[in-house]
Amino acid sequence: METSTVRQRVLATLDRVKREAKERRPRVDEAARAFDVFLERVAAPLCRQLVQILKAEHHLFAVFTPSGAVRLASERSGDDYVELTLDTSGDVPCVVGQTRRVRGGRVLDTVRPIRVCPVGDLTEDEVLEFLLQELAELVR
């Protein structure tokens with residue numbers, strides 16, 4: 001293949017990548033702002049409600065709110081938790097849940113989106129349903 005053809009294609013690819021990154025930055029910034037509101041108004045209060053209910057049922061969990069996340073962790077094993085964070089690696093930034101369960105010497109990690117949608121479109125019911133599915137695995 002001609003060097004000039006390869007060079008043209010490389011330059012076109014680099015140009016496309018720069019353009020896409022420039023277009024993507026405002027979307028990521030907006031998603032980060034929406035996620036902060038989501039954490040404050042939806043995720044953290046919902047996790048605190050779950051903790052109170054779980055404690056009443058003798059399942060000891062705690063809520064942690066590190067910067068940019070909310071974590072619902074077992075008090076028996078700090079290695080067992082569900083954490084909600086913002087994933088900005090895809091075309092549409094979305095809220096993902098990471099669940100970690102330690103069983104014997106095995107560590108089971110799963111990461112999946114709650115729903116691929118703009119952060120502001122995620123409903124409290126969807127978050128609750130996700131957390132309940134993941135908690136079912138942690139309380140077994």
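**Entry 1: Asp 80**

I began with Asp 80, which sits in the loop between S2 and S3; helices (H or I, at least four residues) and strands (E, at least two) are DSSP runs, numbered from the N terminus. I worked on a predicted model, in which local features need pLDDT of at least 70 and side-chain atom pairs count only at pLDDT 80 or more, while totals for chains, interfaces and linings use all residues. Residues are numbered from 1 along each chain as its sequence is written, and side-chain values use heavy atoms, with hydrogens and water left out.

I then listed what Asp 80 touches, not counting residues up to four places away in sequence. The list holds Leu 72, Ala 73, Ser 74, Arg 100, Arg 101, Val 102, Arg 103 and Leu 138, where contact means heavy atoms within 4.5 Å.

**Entry 2: S1 and S2**

I looked up the pairing of strand S1 (residues 61-64) and found that four bridges join S1 to S2, the two running antiparallel. Two strands pair if DSSP finds at least two bridges between them. Phe 61 is placed opposite Ser 74 in S2. The hairpin of S1 and S2 has four residues between the strands, and in this hairpin Gly 68 takes a positive phi near 75°.

**Entry 3: The largest nonpolar core**

I turned to the largest nonpolar core, which has 28 residues. Such a core is a set of buried Ala, Val, Leu, Ile, Met, Phe, Trp, Tyr and Cys residues joined through side-chain atoms within 4.5 Å. Phe 38, Leu 84, Val 95, Val 127 and Leu 131 touch the most other members. At least two residues of this core come from each of helix H1 (3-56), strand S2 (69-74), strand S3 (81-87) and helix H2 (124-138). Which element gives the largest share? H1 does, with twelve residues.

**Entry 4: Salt bridges**

I asked how many salt bridges the structure holds. There are nine, each being a side-chain nitrogen of Lys or Arg within 4 Å of a carboxyl oxygen of Asp or Glu.

I recorded the pair Arg 19 and Asp 15, with the closest N and O atoms 3.7 Å apart. Both residues lie in helix H1, four residues apart, about one turn of the helix. Arg 19 is partly exposed at 44% relative accessibility, and Asp 15 is partly exposed at 45%.

Arg 16 forms a salt bridge with Glu 20, the closest N and O atoms being 3.4 Å apart. About one helical turn separates Arg 16 and Glu 20, because they are four residues apart in helix H1.

Asp 109 and Arg 100 meet through their side chains at 2.7 Å, N to O. Asp 109 is partly exposed at 37% relative accessibility, and Arg 100 is partly exposed at 26%.

**Entry 5: Cysteines**

I searched the whole structure for disulfides and found zero; a disulfide is a pair of cysteine sulfur atoms within 2.5 Å. Cys 47 is buried at 1% relative accessibility, and Cys 94 is buried at 6%.

Key
Buried means under 20% relative accessible area, exposed over 50%, partly exposed in between (1.4 Å probe, protein chains only).
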